[in-house]
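Please keep the sequence and the model in view while reading.

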Amino acid sequence: MYLKKLELNGFKSFAFPTTLELSPGVTAIVGPNGSGKSNIADAIRWILGEQSMKNIRSQSGKDLIFSGSKTKHKLGKASVSLYLDNQDGRIPLDYSEIVITREIFRDGTSEYFINKKSARLMDVVEILAKANIGSKGFSVINQGMESEILKYTPSELYDLLEDASGVRYLQLKKKRAERRLKSTQTNIEKTTAVLRELLPHLNFLKREANKARKKEELKQKLSQLQRQFFGSKIR
């Protein structure tokens, strides 16, 4: 599996649709300062699920969209598509090519697509985790990041080791299961509280139902006795 192609449209300085064809092995992108080399790394980090604007050198989502120039008006959205060659089946999907797309609009909303089908961030993270790729760790190394590891907390180092050892996907499944269990426990507690509130009312309703049933029985018995009494009088 390798990064096959990168498509950028409206992302930062890429005002026009731009396609980077990549081949197996080492690819170098060179150019003068300000030509957008770092924006390519930002685009890859962003599409891998990066949520921190600081890590992609931006203040807000609007900064990711081309803001206009003398020859080109500003755009309403930006999109990046990442093409992964999956001939070896490293990502367990029935596709020889995995295309992950992320779009962002000026109102801040963001959308993900996997092979042109709408997806959630969780879906993208899980798929990439199966291939030991993610926004965390060192899948993408920006300038100065080589020294950042020295400042990592034990928790951050633990996450990094998970990525490197290939158990990140299992940890994601574990955390998702824990969230579901916690949510279920919360629902059970809420249901128990509601039942506790309704129980006195339920007992009251049972007593009222018993009274109504007894009243109906007495009415039927009274009606029967009245028929017998008046029948006897008539005779």
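K116 is found in the loop between strand 5 (110-114) and strand 6 (117-119); helices (H or I, at least four residues) and strands (E, at least two) are DSSP runs, numbered from the N terminus. The model is a predicted one, in which local features need pLDDT of at least 70 and side-chain atom pairs count only at pLDDT 80 or more, while totals for chains, interfaces and linings use all residues. Residues are numbered from 1 along each chain as its sequence is written, and side-chain values use heavy atoms, with hydrogens and water left out.

K116 has a positive phi of about 70°, although it is not a glycine. Its relative accessibility is 80%, so K116 counts as exposed; buried means under 20% relative accessible area, exposed over 50%, and partly exposed in between (1.4 Å probe, protein chains only). A positive phi, of about 50°, is also found at K12, which is not a glycine either. K12 belongs to the loop between strand 1 and strand 2, and with a relative accessible area of 12% it is buried.

Strand 1 (residues 2-9) contains K5. This lysine, K5, counts as buried because its relative accessibility is 17%. Leaving aside residues up to four places away in sequence, K5 touches T19, L20, E21, S81, L82 and Y83, where contact means heavy atoms within 4.5 Å. The charged end of K5 sits over the ring of Y83, 4.3 Å from the ring centre; this description requires NZ of Lys or CZ of Arg within 6 Å of the ring centre and within 35 degrees of the ring normal.

The structure holds two aromatic pairs; rings of Phe, Tyr and Trp (its six-membered ring) pair if their centres lie within 6.5 Å, and planes under 30 degrees apart count as stacked, over 60 as edge-to-face and the rest as tilted. The ring centres of F11 and W46 are 5.5 Å apart and the planes stand at 35°, so this pair is tilted. It links distant parts of the chain, with F11 in the loop between strand 1 and strand 2 and W46 in helix 1, 35 residues apart. F11 is buried, at a relative accessible area of 0%, and W46 counts as buried at 0% relative accessibility. F229 and F230 form an edge-to-face pair, 5.2 Å centre to centre with 75° between the planes. F229 is partly exposed, with a relative accessible area of 46%.

How do the helices meet? Helix 3 (residues 154-165) and helix 4 (residues 168-234) pack at an angle of about 120°, their axes 7 Å apart. Axes are lines fitted to C-alpha atoms, for helices over the stretch in contact, and angles run from 0 to 180 degrees between N-to-C directions. Helix 3 and helix 4 are therefore oblique to each other, given that angles under 35 degrees count as roughly parallel, over 145 as roughly antiparallel, 65 to 115 as roughly perpendicular and the rest as oblique. Y158, D159, E162 and D163 of helix 3 meet R168, Q171 and K175 of helix 4. By class, this contact has one nonpolar, one polar and five charged residues; Ala, Val, Leu, Ile, Met, Phe, Trp, Tyr, Cys and Pro count as nonpolar, Asp, Glu, Lys and Arg as charged, and the others, Gly among them, as polar.
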